[in-house]
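The following note sets out some remarks on the structure shown here.

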Amino acid sequence: MTTVLTDSPEEAASYLRRGQTVAFPTETVYGLGADAFNPDAVRLIFEAKGRPPDNPLIVHVATREQIDEVVASRSAAANRLIEGFFPGPLTVILPKSYAVPPEVTAGLETVAVRMPDHPVAQAFLRACGRPVAAPSANRSGRPSPTTWEAVRDDLDGRIGCILRGERAPLGLESTVVDCTVDPPVVLRAGAVSVEDLLEAVGELAFSPARGERPTRSPGLKHRHYAPSAKVIIVDHPPDELHEQEAYIGMEEPENPFLHQRICSSVDEYAYELFDFFRQCDAVGIQTIYCQKVREEGLGVALMDRLRRASENR
Ligand code: TXA
Ligand code: MG
């Protein structure tokens, strides 16, 4: 299959409407979309990514009306989260409507819904004119792609089209909140902070609770977010690096390393992380030292990704 590259949301949408898979930029990471109401098209996503079939997809919508096409009901808490954070980097889980085929939800009776806050994503979703099922646009197990070039590296020849945009401005995936239970449960830390969510809903639970194995969100038990290199979390930069070692963090080492990325804020660290992982893999780095951050705000999601990358080998 030849993968078409385009800058036109309308052209990209024409491929999706014909049942093909289309990668598109969002404010978090690039997604790999298919018509959520076309089971054959949705199956192509799993094939292209090598995604385990028990891992459900997020349905992306352009409008509030489209939310009602894919969900059967909404709790009061869900309404507050949707009012507060849509469009934005938040995904809510709700009971699914009959219109959503089991291929999208991996057979679950619930559906994940997100409305991206990104001009190109919105133009694309509007031009599609229907809800779009989309996971992150990486080969399964690789770090999520934050650039269209990263999508091409992973999926060229396996998908119909790549809608090219700028580098994803946030760089980490959306926060996933299960709103089918009371209080809502944060299944995946992400770009919307827990502090912000709590302001909207007052009470939240977390899954997994500390130390528990992650099973509630099917995707969280799979290998995720990891480069080929070994990831080691450190308090401070190492004194020295050997060949084929790299460092990312906020504190500068005493003498600059050959392979390093120094970030001036947690936001910048989150923005750089997956891109740095991919660049390290591209030059054959064996070990990446990643400096810890404080677990508040976006730091919670960043530490979650660092832990997964360091454990999942
Ligand atoms: O920022 C993002 O969320 C990006 C962009 C493209 O929107 N998407 C993304 O999708 O990260 P993905 O498939 O890589 O991660 C979606 C997560 C997975 O852990 C999946 O298991 C979970 O959401 N999920 C999806 N539907 C679910 C459901 N019905 N119940 C529980 N978890 C669900
Ligand atoms: Mg993913």
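1. A salt bridge joins the side chains of Asp281 and Arg142, with an N to O distance of 3.3 Å. The structure is a predicted model, and the values quoted below should be read accordingly. Between domain 1 and domain 2, the count is five salt bridges.

2. As to the division of the protein, domain 1 covers residues 4–206, and domain 2 covers residues 230–311. A distance of 27 Å separates the C-alpha centres of the two domains. To their contact, domain 1 contributes 23 residues and domain 2 contributes 17 residues.

3. The area buried between domain 1 and domain 2 is about 1600 Å², and 53% of this area lies on carbon and sulfur atoms. Of the area that domain 1 buries against domain 2, 37% comes from Pro143, Arg167 and Leu172, more than from any other three residues.

4. Eight residue pairs are in polar contact across the interface of domain 1 and domain 2, both residues of each pair being at pLDDT 80 or more. The side of domain 1 that touches domain 2 comprises nine nonpolar, eight polar and six charged residues.

5. A separate remark concerns Glu109, which sits in the loop between α5 (102–105) and β6 (110–114). Is Glu109 buried or exposed? Glu109 counts as exposed because its relative accessibility is 59%, and the cut-off for exposed is over 50%.

6. Apart from neighbours within four places in sequence, Glu109 is in contact with Leu94, Pro95 and Lys96. Leu94 is 15 residues from Glu109 along the chain, and the C-alpha atoms of Leu94 and Glu109 are 8.7 Å apart.

Conventions: Residues are numbered from 1 along each chain as its sequence is written. Chains are lettered from A and ligands numbered from 1 in the order in which they are written. This is a predicted model: local features need pLDDT of at least 70, side-chain atom pairs count only at pLDDT 80 or more; totals for chains, interfaces and linings use all residues. Side-chain values use heavy atoms; hydrogens and water are left out. Domain bounds come from an automatic or database domain assignment. Contact means heavy atoms within 4.5 Å. Buried area is the accessible area (1.4 Å probe) that two parts lose on being put together, summed over both. A salt bridge is a side-chain nitrogen of Lys or Arg within 4 Å of a carboxyl oxygen of Asp or Glu. A polar contact is a pair of N or O atoms within 3.5 Å; within protein, one must be able to donate a hydrogen and the other to accept it, and residues adjacent in sequence count only if both atoms are side-chain atoms. Ala, Val, Leu, Ile, Met, Phe, Trp, Tyr, Cys and Pro count as nonpolar, Asp, Glu, Lys and Arg as charged, and the others, Gly among them, as polar. Helices (H or I, at least four residues) and strands (E, at least two) are DSSP runs, numbered from the N terminus. Buried means under 20% relative accessible area, exposed over 50%, partly exposed in between (1.4 Å probe, protein chains only).
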